[in-house]
Amino acid sequence: MPAAVLFPIVQRDDEPTVLLTQRTTHLKDHPGQVSFPGGRCEAADPSPAATALRETVEEIGLSPEHVEIIGYLPEYRTSTGFRVTPVVALVKPPFALQLDEFEVAEAFEVPLAFLMDPANHQRHSLHYLGKLRHYHAMPYGDYFIWGATAGIIMSLYRALEMAAR
């Protein structure tokens, strides 16, 4: 199932942050998890960027006029059957959010430096569908960033590490 998410890097004056959401607990897919805004590609979406922008507007009300797409990360495949295209973008404040209360419990920001610091990267494992699965996690305050979201963050981390060499 093709999907796309926006990896929104907010250009704050003091330091860049990453805008994330906490999903509501009653959702069928990934209830209560920390995620990027995004979702399934629809037939009318001409590109992954269009999907990511449409879903971002629907979920958190972030207007595309504040968003500058700067690139893509490699497709991320989830154990639940999604092929996710991460769309990396810079977000220019000030902006107002209007959360879809059905899907999004809260939106919050995490310093990009925190997410790119290997001291904050953890590896965990669990048994899922009869297999031992390993996953990344980045606990931040009361938030537990893990699964596909942490995997996509790690993809940016690896890309930046390779570019710095």
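**View 1. Contacts of S35 in the predicted model.** S35 touches L20, T21, R23 and T149, leaving aside residues up to four places away in sequence; contact denotes heavy atoms within 4.5 Å. S35 lies in strand β3, strands being DSSP runs (E, at least two residues) numbered from the N terminus. S35 is buried, with a relative accessible area of 10%, because buried means under 20% relative accessible area (1.4 Å probe, protein chains only). This is a predicted model, in which local features need pLDDT of at least 70 and side-chain atom pairs count only at pLDDT 80 or more, whereas totals for chains, interfaces and linings use all residues. Residues are numbered from 1 along each chain as its sequence is written, and side-chain values use heavy atoms, with hydrogens and water left out.

View 2. Strand β2 comprises residues 17-23, and seven of its seven residues are buried. T17, L19, T21 and R23 lie on one side, and V18, L20 and Q22 on the other. In a regular strand, side chains alternate between the two faces of the sheet.

View 3. Strand β1 (residues 2-10) runs antiparallel to β2, joined by two bridges; strands pair if DSSP finds at least two bridges between them. V10 stands opposite T17, and a hairpin of six residues joins β1 to β2. Strand β3 (residues 34-35) also pairs with β2 in the antiparallel sense, over two bridges, with V34 as the bridge partner of Q22.

**View 4. Pairing of β2 with β8.** Seven bridges link β2 to strand β8 (residues 104-111) in the antiparallel sense. A107 in β8 is the bridge partner of T21.

Conventions
Buried means under 20% relative accessible area, exposed over 50%, partly exposed in between (1.4 Å probe, protein chains only). Helices (H or I, at least four residues) and strands (E, at least two) are DSSP runs, numbered from the N terminus.
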